[in-house]
There are 2 protein chains.
Amino acid sequence: VPFSQQTEGLTYETLIRRASSLVTDSTNTFLSQTTLALVDSIAEYIKAMHTLMALQQRYMTSVGKLNPAEEDSVWQVIIHQREQVKDRRDEYKRLESNWMNAIHLSELAAEAAYNAGADHASVTAQTNLQVAQAQVEQVRLQLLETEKKMAETKAEEMQRMAQFASRNVEEEEEDIPEAYLRED
Amino acid sequence: VPFSQQTEGLTYETLIRRASSLVTDSTNTFLSQTTLALVDSIAEYIKAMHTLMALQQRYMTSVGKLNPAEEDSVWQVIIHQREQVKDRRDEYKRLESNWMNAIHLSELAAEAAYNAGADHASVTAQTNLQVAQAQVEQVRLQLLETEKKMAETKAEEMQRMAQFASRNVEEEEEDIPEAYLRED
């Protein structure tokens, strides 16, 4: 009887250990998919902001030199790009929340694997966690830099528009397109 | 370009949704393995307590009617069964901690699956959670009942031993085996 009890005990432990390894396998996959998606979405968001800044700067240098039709078409493009930036940002935020879920799941799975005696699975999960966090950290730094540039561009732009507006008021009271000045 | 972007977006979502379903699949397995193990270990613990109570009650009815050698062999059996109860309790506590991990993982996996748009996987995980919790709840009630009986038996036994001891002091100052009175 003691022998059969021990076998039964071992079987429980083995089954639980294996099941906990299955969990870390799947949380590893979930984490790598969400990390890939998040990193790509941040890159897309950064790209969209750079495009917007380039368009805004080109517009700033040509302000006052365009006829109303040209002006109108230029800021249609800018408005469109602003929407792109907003969409990219929304997607990045949505994927970030999936990524956070994956991080928490991986942490818990690593802990559960350790408690179930699946040491190797636990270590692998922890390594994957560190890699994923480092990858996201790297693009987040680029993101912060770009957002800083965007804020600077905005401040510069506001200053120039104000100068241009005051010059215009003195000269001929030409309107600045309202939609362009819209805050977002 | 917008069409290809949309395809890329769908692919991210699809990959994340599928990966999150893999997670709920594995947490379902982990939960059912740990639930099975926990329920069985509680049943074993209850059985061990019932055996101990039966042994103790048999000893109580024969107290004073046994010669020292018989008495010694009876309480050797009781001591052994007490160790069995302790071992069963340790195993149940260890498996309970694995089960708690599985519960938390399943809750988080269900939430992550819901956020990733894997509604069906999320509902399945929640259903499994409820079933697992109900199964454990049921044996826990039996466990509480048995522990209550154990406490009652202990109190009754203490009372009888005290009566027996005071009778003995009056009659012939026979010793009660010390190991039997040991608290645990």
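Predicted model: local features only at pLDDT ≥ 70, side-chain atom pairs only at ≥ 80, totals over all residues.
Trainee: What makes the classes of the residues lining the largest cavity come out as they do?

Mentor: The lining holds 1 nonpolar, 3 polar and 3 charged residues. It consists of A:Gln56, A:Gln57, A:Met60, A:Thr153, A:Glu156, A:Glu157 and A:Arg160. Residues are numbered from 1 along each chain as its sequence is written, chains are lettered from A and ligands numbered from 1 in the order in which they are written, and side-chain values use heavy atoms, without hydrogens and water.

Trainee: Why is this space called a cavity?

Mentor: On a 1 Å grid over the protein atoms alone, its points are where a 1.4 Å probe fits but cannot get out, and therefore it is a cavity; its lining residues have an atom within 4 Å of a point. Its volume is about 60 Å³, meaning the space filled by probe spheres set on points that are joined across faces, edges and corners. The rule gives 2 cavities of 30 Å³ or more.

Trainee: Which element gives the most to the lining of the largest cavity?

Mentor: That is α3(A), with 4 residues. Helices here are DSSP runs (H or I, at least four residues), numbered from the N terminus.

Trainee: And what lines the second largest cavity?

Mentor: B:Gln57, B:Met60, B:Thr153, B:Glu156, B:Glu157 and B:Arg160 do, around a volume of about 40 Å³. Here α3(B) gives the most, with 4 residues, and the classes are 1 nonpolar, 2 polar and 3 charged.

Trainee: How many residues of chain A are in contact with chain B?

Mentor: With contact taken as heavy atoms within 4.5 Å, 34 residues of chain A are in contact with 34 residues of chain B.

Trainee: What is the buried area between chain A and chain B?

Mentor: About 2,800 Å², with 65% of it on carbon and sulfur atoms. This is the accessible area (1.4 Å probe) that the two parts lose on being put together, summed over both. In chain A, the residues losing the most area to chain B are A:Tyr12, A:Ile16 and A:Leu105, together 21% of what that side buries.

Trainee: Why is the pair A:Arg94 and B:Glu13 called a salt bridge?

Mentor: The side chains come to 3.2 Å, N to O. A salt bridge needs a side-chain nitrogen of Lys or Arg within 4 Å of a carboxyl oxygen of Asp or Glu, so this pair qualifies. There are 2 salt bridges between chain A and chain B. On the side of chain A that touches chain B, α1(A) gives the most, with 19 residues.

Trainee: How do you know that A:Glu91 and A:Arg88 form a salt bridge?

Mentor: Their closest N and O atoms are 3.9 Å apart, which is within the 4 Å limit. Both residues lie in helix α2 of chain A, 3 residues apart, about one turn of the helix. Over all chains the rule counts 14 salt bridges.

Definitions and conventions
1 Å grid on protein atoms, 1.4 Å probe; cavity = no way out; pocket = protein on both sides within 12 Å on 5 of 7 lines; lining within 4 Å. Helix = DSSP H or I, 4+ residues; strand = E, 2+ residues; numbered from the N terminus. Nonpolar A, V, L, I, M, F, W, Y, C, P; charged D, E, K, R; others polar.
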